[in-house]
Amino acid sequence: MGKPLFISKKQKAQMRERRKKKRAILVAKEQVNDDRDETHPASLEEASHAIESRKRPRSESFSEQDAGSSTNPTRKAIEIVTKTVQGKIHVLVPTTLSSKDAKKFRKDARRKLRQEGKDDDAIVFVVSDDLTPPKKKKKKQFPSIKDLLQQKKADEKQEKVEMKMQKKIDSVPDSLKAQYIALDCEMVGIGTDGKKSALARVSLVNWDGEEVLDTFVKVPIRVTDFRTHVSGVQPRHLKNSTAMDVDKCRNLVASLLKDKILVGHALSNDLKALFLTHPKSKIRDTAKYRPFQRYFNGKWRPRKLRDLVKENLKGKENFQEAEHDSVQDARATMELFQIVQAQWEKEVASKGEVVLRLAILVSKFLNRDHVATLPGIRTGTKIAVQRKG
């Protein structure tokens with residue numbers, strides 16, 4: 001048994017065309033036999049030629065009507081609109097065409113432009129009215145194995161650093177943790193221009209971020225600018241019965257800060273609003289700590305709390321994006337201090353030793369009993385030194 005015969009699509013089409021021609025010749029032959037008219041073809045060859053001539057001849061030249069024609073013969077011709085943009089010929093495809101008609105339109109338009117001598121590669125079909133080509137979808141970029149391994153290695157390294165830092169923080173004894181307290185205040189504007197600041201809210205948190213105090217403060221004079229977009233303070237907060245008087249709040253804060261190490265950011269502004277002072281040896285201001293500052297124009301300058309938190313604390317990307325919250329600010333300042341607590345305390349202790357040695361040298365130089373009233377370097381302590389022997 002022989003192999004099955006395979007016929008391609010092209011061969012099938014040729015066979016169909018031959019069958020059509022045979023049918024047309026037979027029909028023409030029957031008409032010749034019946035009518036015997038001189039006007040009809042007298043032979044099979046002439047009949048075949050007559051049938052072929054009835055078909056619509058394909059025009060060699062491309063016209064705008066052919067470009068806009070579709071399977072529907074009654075459809076009107078569509079004008080080809082072109083525009084040259086950066087060396088490309090943009091052809092507008094009407095949005096009213098179906099997918100089949102649009103395909104026919106593009107084919108005919110390309111043929112016409114090719115006959116006009118246009119470069120086939122420079123032809124671009126667009127569907128919008130501004131004749132801009134549609135944006136190509138960007139392929140999704142997948143990271144290479146090398147990049148993934150490097151990222152994994154960096155993440156593991158960062159995780160080890162965080163674990164090491166957390167162990168240091170956890171190793172701080174509870175007795176030392178109890179000495180620290182963080183302060184943050186919110187102010188409102190007073191005066192004719194609202195540029196002078198008055199205390200409106202006070203917040204204190206301990207080492208673990210727990211609230212020690214959070215209260216609004218009544219302003220004894222007229223508030224001209226509540227600064228709500230920054231402070232978050234609204235008129236109803238100050239009119240509330242829970243808001244404290246200024247003197248009562250000041251005394252309460254002073255009692256809570258007594259014998260404590262005060263942590264905060266730009267504490268000079270907060271203490272000024274409270275009309276309070278605190279020993280310099282017991283102040284840990286992150287705005288004045290050198291590793292948290294930036295060197296600019298020949299000076300070390302403080303940075304914003306928002307920038308320090310986003311740079312050093314994980315999961316705080318949206319910190320202070322809207323209104324400020326004094327409790328959240330105090331917690332963030334305490335977390336910043338915990339990162340550098342060990343190093344900071346070593347620096348304070350070393351500076352204290354320098355002041356003590358300096359005071360002893362001065363006492364020996366004077367060779368008499370006295371009380372050294374040297375302010376010290378960032379300690380603010382008064383050291384009593386007596387001559388020995």
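1. Asp-214 is partly exposed, at 32% relative accessible area (buried is under 20%, exposed over 50% and partly exposed in between, with a 1.4 Å probe and protein chains only). Its side chain meets that of Arg-201 in a salt bridge, 3.0 Å from N to O (a side-chain nitrogen of Lys or Arg within 4 Å of a carboxyl oxygen of Asp or Glu). Asp-214 sits in strand 6 (residues 211-216) and Arg-201 in strand 5 (residues 196-205), so the pair ties together parts that are 13 residues apart in sequence. Arg-201 is buried, at 12%.

2. Before going on, a word on the basis. This is a predicted model, where local features need pLDDT of at least 70, side-chain atom pairs count only at pLDDT 80 or more, and totals for chains, interfaces and linings use all residues. Residues are numbered from 1 along each chain as its sequence is written, and side-chain values use heavy atoms, with hydrogens and water left out.

3. The structure holds nine salt bridges. Another of them joins Glu-345 and Arg-284, with the closest N and O atoms 3.1 Å apart. Glu-345 belongs to helix 12 (residues 326-366) and Arg-284 to strand 9 (residues 283-285), so this pair ties together parts 61 residues apart in sequence. Arg-284 is buried, at 3% relative accessible area. Helices (H or I, at least four residues) and strands (E, at least two) are DSSP runs, numbered from the N terminus.

4. Arg-303 and Glu-311 also meet through their side chains, at 2.7 Å from N to O. Arg-303 counts as partly exposed at 21%, while Glu-311 is exposed at 51%. Elsewhere, salt bridges that share partners join Lys-104, Asp-108 and Arg-111 into one network.

5. Now the sheet: three strands, open, in the order 1-2-3 with mixed pairing (two strands pair if DSSP finds at least two bridges between them). Strand 1 (82-85) and strand 3 (123-126) are at the edges with a single partner strand each, so one side of each has no neighbour in the sheet. Strand 1 and strand 2 (residues 88-92) pair in the antiparallel sense over four bridges. Lys-83 has His-90 in strand 2 as its bridge partner. Helix 4 (residues 99-115) packs on the sheet and touches strand 2 and strand 3, contact being heavy atoms within 4.5 Å.

6. Last, Leu-5, which lies in the segment before helix 1 (9-35). Leu-5 counts as exposed, at 76% relative accessibility.

Definitions and conventions:
Axes fitted to C-alpha atoms, helices over the stretch in contact; angles between N-to-C directions.
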